[in-house]
Amino acid sequence: MKKNYPGAERQGEGWKWLSGPDYRPWGRRYTFQNQRLLYWPLLMSGDFDLMKPFFDHYWNVLPMRKAITQTYFEHAGAFYRENTMPLTGSDHDCGALPKTKPGGNVKGDYHSYYFTCGLEAVAMMADYVHYTGDTKFMDERLVPFAREILKFYDQHYLRDVNGKLRLDPSQALETWWITVNSAPDVAGIRFCLEQLLAMKAGSAEDQANWKRLYAEMPEVPMQTIQGRQAIAPAQEWQKQGNGENAEIYPMFPFRCYGMALGTKDIAEWTMENRTAKDTFGGKCWTQDQIGWALAGNAKEAAQGLVRRFRVSTTALRFPIYGSEITDGIPDWDHFGSGSIAFQRMLAQEGNGKIYLLPSWPAEWDVDFKLHLSGGVVLTGTVKDGKLATWDITPAARKPDVVVCEPANQKVEAISK
């Protein structure tokens, strides 16, 4: 991060505005990594209508992304790079789009091969359909968008000697700049294909193509640490440039591992051995608390949220934005990330089951109402360390609910 942004200068933990109250330190950039964290919580809060601008933006620029893909890489499909994309859909980045052919030598940069954004947009769209049952959106938005994103990966990368897709060069978020089969992309492709196939989305040709691509996918890369399995950032990885934990992405946003999926041990060991622990003190786009919640660890998730929700900016009139750190202010992702974790501490879904209070601390009282997939609404109250009341609609889903006891682990006070 630069010491001073154009138009503003540092004053302690705040900024002195040099060009008026509407100045934005990061200008017109629209960075997927940040904005996404405002929209994921809207599913469980039931604010489905507020997700429309997010979907519309990525849908509206799809023709531009297809044209860029065809012109630059000379094949079909569309990629969305983590590149601070302007509203036009063009590439506007701190570095040029790499021309490296698949399997070629790379130098790597913050966003060179960071193509995960399109996959996460597909995943969010699929969840929107699961939550709302909106088949029109599925047919008119999800399917044609997913078709182009998956086509990009299918045509851009080569196959290995076993006929499996080999993502080389790839990149594990902004952290590992030179990778083979990055965990976010492998997990993202697998997860999106699983969702599309399960909901029987698209035409017969789509389904056949997606089944074929799924059969060609490698497994999510793993590593053995002290005799225990954990998710790896990639099959091969080098040249670290940031502090995002790529190994958490197969837990969220791509739900391949987690306590609700029967892989609590892998999820927790992955968190214990993640690349960057509590980057920036848990501020901004970091998702440590999300990972801990999905691993079923109430103490770690809660303590991280205590720290996160106590930090807001002192530079703006209203303290509803996170404290500035890497992305300037207003910070739009700090509390979004915390909200996702908070919701997953209360409820998680997996393998047809709904886990109630999978990572909730006993010392926190709460009244909650959460929306889940299939039009389910889950309500309840935790009081004095016990689940006092709870209900679910439709009532037919009640046998699918696994009630977990609040964790008797003291949440320690954490200063800023």
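## Salt bridges between close residues

D278 and R274 form a salt bridge, with their closest N and O atoms 3.7 Å apart. The model is predicted. D278 is partly exposed at 32% relative accessibility. R274 is buried, with a relative accessible area of 6%, because the buried class covers values under 20%.

E268 and K264 also meet through their side chains in a salt bridge, at 3.6 Å from N to O. Both sit in helix α9 (residues 264–272). They are 4 residues apart, so about one helical turn separates them. K264 is partly exposed, with a relative accessible area of 33%.

## A distant pair and a network

D365 forms a salt bridge with K383, and the closest N and O atoms are 3.8 Å apart. This pair links distant parts of the chain, 18 residues apart. D365 lies in the loop between β11 (353–356) and β12 (366–372). K383 belongs to strand β13 (residues 376–383). D365 is partly exposed at 40% relative accessibility, and K383 is partly exposed at 47%.

Shared partners join D154, R159, R212 and E216 into one salt-bridge network. The salt-bridge count comes to 19.

## The second largest pocket

The second largest pocket has a volume of about 580 Å³. Its lining has 30 residues. D127, R255, E349, G350 and S373 lie nearest the centre.

By class, the lining of this pocket has 14 nonpolar, 9 polar and 7 charged residues. Helices α5 (116–132) and α7 (183–198) and strand β10 (347–350) each supply at least two lining residues.

Technical notes. Residues are numbered from 1 along each chain as its sequence is written. This is a predicted model: local features need pLDDT of at least 70, side-chain atom pairs count only at pLDDT 80 or more; totals for chains, interfaces and linings use all residues. Side-chain values use heavy atoms; hydrogens and water are left out. On a 1 Å grid over the protein atoms alone, a cavity is a set of points where a 1.4 Å probe fits but cannot get out, and a pocket is an open set with protein on both sides within 12 Å along at least five of seven lines; lining residues have an atom within 4 Å of a point. Grid points are joined across faces, edges and corners, and a volume is the space filled by probe spheres set on the points. Ala, Val, Leu, Ile, Met, Phe, Trp, Tyr, Cys and Pro count as nonpolar, Asp, Glu, Lys and Arg as charged, and the others, Gly among them, as polar. A salt bridge is a side-chain nitrogen of Lys or Arg within 4 Å of a carboxyl oxygen of Asp or Glu. Buried means under 20% relative accessible area, exposed over 50%, partly exposed in between (1.4 Å probe, protein chains only).
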